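Visitor: I would like to go through this model step by step. Can you show it to me?

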Amino acid sequence: MTNPGLAVRPDEIRRHNLGLVLRQVHLNGEMSRAELTHVIGLNRSTIRALVSDLVDHRLVVERVPDTRTGAGRPSHVVGPRHDGPYVLAASIGVESMTTAAIGLSGAVLSRRDQAIDAVGAMPNLIAGRIIADLRHHQRQVPAGARLVGVGVSVPGIVRAADGMIEIAPNLRWQSVPFARLLAERMPTRVPIRIGNDGDLGALAEHVRGAARGIDDIVYLAGDVGVGGGIISAGTSLRGSGGYAGEIGHMMVDPVGDECGCGSIGCLETKIGEVGLLRACKRSDQHGSRAMVDAYAAARAGDPEAVDGVAHTAEWLGRGLASVVNIFNPRMVIVGGNLSGLVELARPQVEDLLERHSMASLLAGVQLVLPGLGGDSSLLGAMEIGFEAMLEDPTSVTA
Ligand SMILES: [Zn+2]
């Protein structure tokens, strides 16, 4: 007996297949129909029909390449439309915010970086700033380009289902229905997704950064807070509530300092901004600029800064050793201002990593900086902003 509820309707298959083709173009940029046929594993005529559908939906363009190599007709090339769909991506930090209009394959059409003071700020004011930026970006994008989604990265714990920020300790935000605050202000109705900055950084590095093609990674990024994201066997490790990966709140010192999360001795208290500046005897300073200054002083040989950086790097190494032991990654990516620690004190980080992780687990682990520089979380926000359209390209009206 067959269950009619399980029957897959032809239009569902078509939507799914359209999504497969569009996702490939999004991931790789221009691709020939022959490559699409090979990667997706459907036959040539099906791919041709799917591409033609996507062209009709004004999502991609198809052209005949002008260079001929070898015999036979060259395969048509499929690429994103320059005036095709785009998302509004936003990355909210403690002291800065970036918003951008980004097209398929990660083409940044318009971008705005601004200093903000998000700590204790009214979340609705920040939502208002994002919408103001959207209006600015809408004037910059090519005529005809359509907004298809919004993705926002926040340094906090987010309930993915409805975009509720449960807690963002370093912003002092709690129970903020951020997706709703944005939706109420949006000029058009599009899907809005909110994600944790560490998870989104890991996602973007996996999809188009340093970890492209590597399926087991740990991503750690820090400035005031220290966020993390884990990808295991190619899938984002989410946990039961979707909150996994809070590497910064791994307790490393039972007699340590109070952390913004309410616990004590979290890794964040050792390697975050406050910990680094204290170790460098610069507790009277704060902010990203102060971290950069401390690194510069260490580079110039200032003894207190040199000691402080080495000490902080050791904590980073200890923390990473536990992470390596638990998750067995092939790559560990250290981003945000923490990347400065790896640049300056890689030997100390590696020494502690070696001392505290098990040899079999550490073998072959690469410790690298983000391939996307400071934009990992922003581009991760872009990825979740596109997700609804990639699941069903027919949801976008031509
Ligand atoms: Zn904590």
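Visitor: How are α2 and α3 oriented to each other?
Guide: This is a predicted model, where local features need pLDDT of at least 70, side-chain atom pairs count only at pLDDT 80 or more, and totals for chains, interfaces and linings use all residues. Residues are numbered from 1 along each chain as its sequence is written, and side-chain values use heavy atoms, without hydrogens and water. The axes of α2 (residues 33-40) and α3 (residues 44-56) come within 9 Å and cross at roughly 115 degrees (lines fitted to C-alpha atoms over the stretch in contact, with angles from 0 to 180 degrees between N-to-C directions; helices are DSSP runs of H or I, at least four residues, strands E, at least two, numbered from the N terminus). Angles of 65 to 115 degrees count as such, so α2 and α3 are roughly perpendicular.

Visitor: Which domains give at least three residues each to the lining of the largest pocket?
Guide: The chain is assigned domain 1 (4-80), domain 2 (85-200 + 377-395) and domain 3 (213-370), with bounds from an automatic or database assignment. A pocket is an open set of points on a 1 Å grid over the protein atoms alone, where a 1.4 Å probe fits, with protein on both sides within 12 Å along at least five of seven lines; lining residues have an atom within 4 Å of a point. The contributors of at least three residues each are domain 2 and domain 3.

Visitor: Which residues lie nearest the centre of the largest pocket?
Guide: The lining has 43 residues. They divide into 13 nonpolar, 21 polar and nine charged (Ala, Val, Leu, Ile, Met, Phe, Trp, Tyr, Cys and Pro are nonpolar; Asp, Glu, Lys and Arg charged; the others, Gly among them, polar). Nearest the centre are Ile 92, Gly 93, Pro 155, Asp 197 and Asp 223.

Visitor: What is the volume of the second largest pocket?
Guide: A volume is the space filled by probe spheres set on the grid points, which are joined across faces, edges and corners. The largest pocket has about 880 Å³. For the second largest pocket the value is about 620 Å³.

Visitor: Which element gives the largest share of the lining of the second largest pocket?
Guide: This lining has 28 residues, with Leu 200, Leu 203, Ser 236, Arg 238 and Ile 384 closest to the centre. Elements giving two or more residues include α1 (10-28) and α13. The largest share is five residues, from α6.

Technical notes:
Angles under 35 degrees count as roughly parallel, over 145 as roughly antiparallel, 65 to 115 as roughly perpendicular and the rest as oblique.
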